[in-house]
Amino acid sequence: MNAEALAFCALAAMVLVGGALVVYSRNLVHAAVSLVPTLLGVAGLYVLLHAEFVAAIQILIYVGAITVLILFVILLTEGATGLRVRQRNEQVPLALGVCGALVALLWVVLLRVPWGPAAGPLPPYNPGAVGRSFLMPYVLAFEVTSLVILASLVGAIVIARREE
Amino acid sequence: MGLGGLLSAVWQVELVRMVVLAAVVFTFLAVGGALFLVLAERKISAWIQARVGPKHVGPHGLLQTVADTLKLLYKENIVPHRADRVLFSIAPILVAVAALLDWVVIPFAPGWVVRDLNVGILYFAAVSSLTVIGILTGGWASNNKYSLLGGLRSAAQMVSYELPLAFSLLLVATLTGTLSTVRIVEAQPYPAYLYPSVAVAAVVFLVAATAEANRIPFDLPEAEAELVAGYFSEYTPMRFALFQLGEYGSLLASSALFTTLFLGGWKGPFPLPWLGPVGNGLVWFLLKTYAVVFFLMWVRWTYPRFRIDQLLGLSWKVLLPVSMMNLLVAGWLVVVVR
């Protein structure tokens, strides 16, 4: 096994163990904190794919902002830990069936798709290239998204100012 | 070299290098950050308040923090009744490790950087945002209402101030056209017509970094008078020390990043004799960094603490609009003048 495969296995284990903890923790705070290794593992997988920019954004947004937001909301809610909430309901067989079907579907697709040979050297994947592709081929999607984000930023300022 | 370069080199060598560098950086943090800065803080606060400060251990009290650390190592670790044991012990480690990770992209001298990432300052912003998770979980796991309040305040504060901080980083990236810390240093000094923009960004960065480091006048998460000591009220010896290490480590890292972005990093006004380029760079870099640290300590012992609403208001209503306008003006300048 070479270094890349070793690193991939370690990161995949981190993601899977973290994910299992997120799902199976009875304590909501534990579940939210377990998101951290899961998301960091995904960031590590991006690094393996030479996508450093996406990895950094993944940590900044998902670990640094979204997990904090989730924790914040849990801690501000009464009965925060959710220990008294039942984790399973009577729909377990149904959920199992749906998940099984999804796995079967993915498996079939993965086996049927003719995977081409590795496609030569990687395209340059640095922040500059990402920026250029945002502003040239994908400019419409990018502008619409940034408009949404700008609107929410301005909205936050307006809401903060109204209290006076 | 990108992060992915880790795999193209021989990986066993990289692994050894990683462990050695982590040990070196951690030692620098523990000695240069925690030990020295706590002593400096006590001496400077004493000087500002016309006191003497620590005096008895070692010459002029120089060994005071070493003695304090030894004492902390000897004391018993206490976990409060009904605290969450696992999270309680993970939280301080998370805070210390986040402070350690900051240092990967800081260039000390030409060629002296752990790794020159092509997403350098973005990486810095990303890993320094990990601190808040440690503080939040530490505050919650202590099973103490004051700790929880401290943790929540800290989360609100850090999330609010991350935005102006990011805008300052964005401005520097716009001006220099790169995210790599080494290339940013190489691109300085900035041309004169950009000075106003850079100055505004520098002030915003300094204010936001003080708030991120939870220091007076923004130290609400640990306001003694209202919250006992905030998120680390319940923490005893070595775990408390890890929180302190994280706090002073990120203070030092913020100062180092300020030096890198706005003060020209390792570049000095004139070359020093006999030192060579690396020695020169190291001396100038450390001088500038500790000057910024001194400035932050000076502020801490001069100004009173804000109220929480004033604190959040400052970020959302002043710093954010100002830095957005600044970015607009700087972008216009860069495009038009160039």
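Hi everyone, let's start right where the two chains meet. Helix H3 of chain A and helix H7 of chain B, residues 145-176, have axes that come within 11 Å and cross at roughly 145°. Before I go on, please keep in mind that this is a predicted model. The crossing of H3(A) past H7(B) is left-handed. On the H3(A) side, the residues that make the contact are Ala65(A), Val68(A), Phe72(A) and Leu75(A). Facing them from H7(B) are Leu148(B), Leu152(B), Ala155(B) and Val159(B). What classes of residue do we find in this contact of H3(A) with H7(B)? There are eight nonpolar residues, no polar ones and no charged ones.

Now let's step back to the whole interface. In total, 28 residues of chain A are in contact with 31 residues of chain B. Which elements of chain A give two or more residues to that side? They are helix H1 (3-24), helix H2 (28-48), helix H3 (52-76) and helix H6 (139-162). H3(A), the helix we began with, supplies the largest share, 14 residues. Sorted by class, the side of chain A that touches chain B has 21 nonpolar, four polar and three charged residues.

A few words on chain A by itself. Chain A has 164 residues, and 18% of them count as buried. If you take the contacts in chain A between residues at least 6 apart in sequence, 54% of them join residues at least 24 apart.

Let's move over to chain B and look at how its helices pack. For anyone new to this, two packed helices are described by the angle between their axes and the distance between the axes. Take helix H9, residues 195-212, and helix H13, residues 308-337, both of chain B: they pack at an angle of about 150°, with their axes 10 Å apart. That angle makes H9(B) roughly antiparallel to H13(B). The crossing of H9(B) and H13(B) is left-handed. From H9(B), the contact uses Ser197(B), Val200(B), Ala201(B), Val204(B), Val207(B) and Ala208(B). From H13(B), the residues include Leu319(B), Val322(B) and Asn326(B). By class, this contact has ten nonpolar, three polar and no charged residues.

Please remember Ala208(B) from that list. The largest nonpolar core has 114 residues, and Ala208(B) is one of those that touch the most other members, along with Ala56(A), Val95(B), Leu122(B) and Tyr123(B). What does Ala208(B) touch, leaving aside its neighbours within four places in sequence? The answer is Tyr161(B), Pro164(B), Leu165(B), Ser168(B) and Leu319(B).

Helix H4, residues 85-102, and helix H5, residues 120-128, have axes that come within 9 Å and cross at roughly 175°. H4(B) and H5(B) are therefore roughly antiparallel to each other. Ala98(B), Leu101(B) and Asp102(B) of H4(B) meet Phe124(B), Val127(B) and Ser128(B) of H5(B). This contact has four nonpolar residues, one polar and one charged.

Is Thr289(B) buried or exposed? Thr289(B) is buried, because 24 other C-beta atoms lie within 10 Å. Thr289(B) has its place in helix H12 of chain B, residues 276-300. Not counting residues up to four places away in sequence, Thr289(B) touches Ser255(B), Ala256(B) and Thr259(B).

Asp68(B), in helix H3 of chain B, residues 64-74, is partly exposed, with 18 other C-beta atoms within 10 Å. Asp68(B) and Ala241(B) are 173 residues apart along the chain, yet their C-alpha atoms are separated by 9.9 Å.

Let's finish with two backbone details. Where is Ala50(B)? Ala50(B) sits in the loop between helix H2 (11-48) and H3 of chain B. Ala50(B) has a positive phi of about 55°, although it is not a glycine. Ala50(B) counts as exposed because it has 6 C-beta neighbours inside 10 Å. Lastly, the peptide bond from Gln188(B) to Pro189(B) is cis, with omega near 0°. You will find Pro189(B) in the loop between helix H8 (181-187) and H9 of chain B.

Conventions. Residues are numbered from 1 along each chain as its sequence is written. Chains are lettered from A and ligands numbered from 1 in the order in which they are written. This is a predicted model: local features need pLDDT of at least 70, side-chain atom pairs count only at pLDDT 80 or more; totals for chains, interfaces and linings use all residues. Axes are lines fitted to C-alpha atoms, for helices over the stretch in contact, and angles run from 0 to 180 degrees between N-to-C directions. Helices (H or I, at least four residues) and strands (E, at least two) are DSSP runs, numbered from the N terminus. Angles under 35 degrees count as roughly parallel, over 145 as roughly antiparallel, 65 to 115 as roughly perpendicular and the rest as oblique. A crossing is left-handed if the near helix is turned anticlockwise from the far one by less than a right angle, and right-handed if clockwise. Two residues are in contact if their C-beta atoms, placed from the backbone, lie within 7 Å. Ala, Val, Leu, Ile, Met, Phe, Trp, Tyr, Cys and Pro count as nonpolar, Asp, Glu, Lys and Arg as charged, and the others, Gly among them, as polar. A residue is buried if 20 or more other C-beta atoms lie within 10 Å of its own, exposed if 12 or fewer, and partly exposed in between; C-beta atoms are placed from the backbone. A nonpolar core is a set of buried Ala, Val, Leu, Ile, Met, Phe, Trp, Tyr and Cys residues joined through C-beta atoms within 7 Å.
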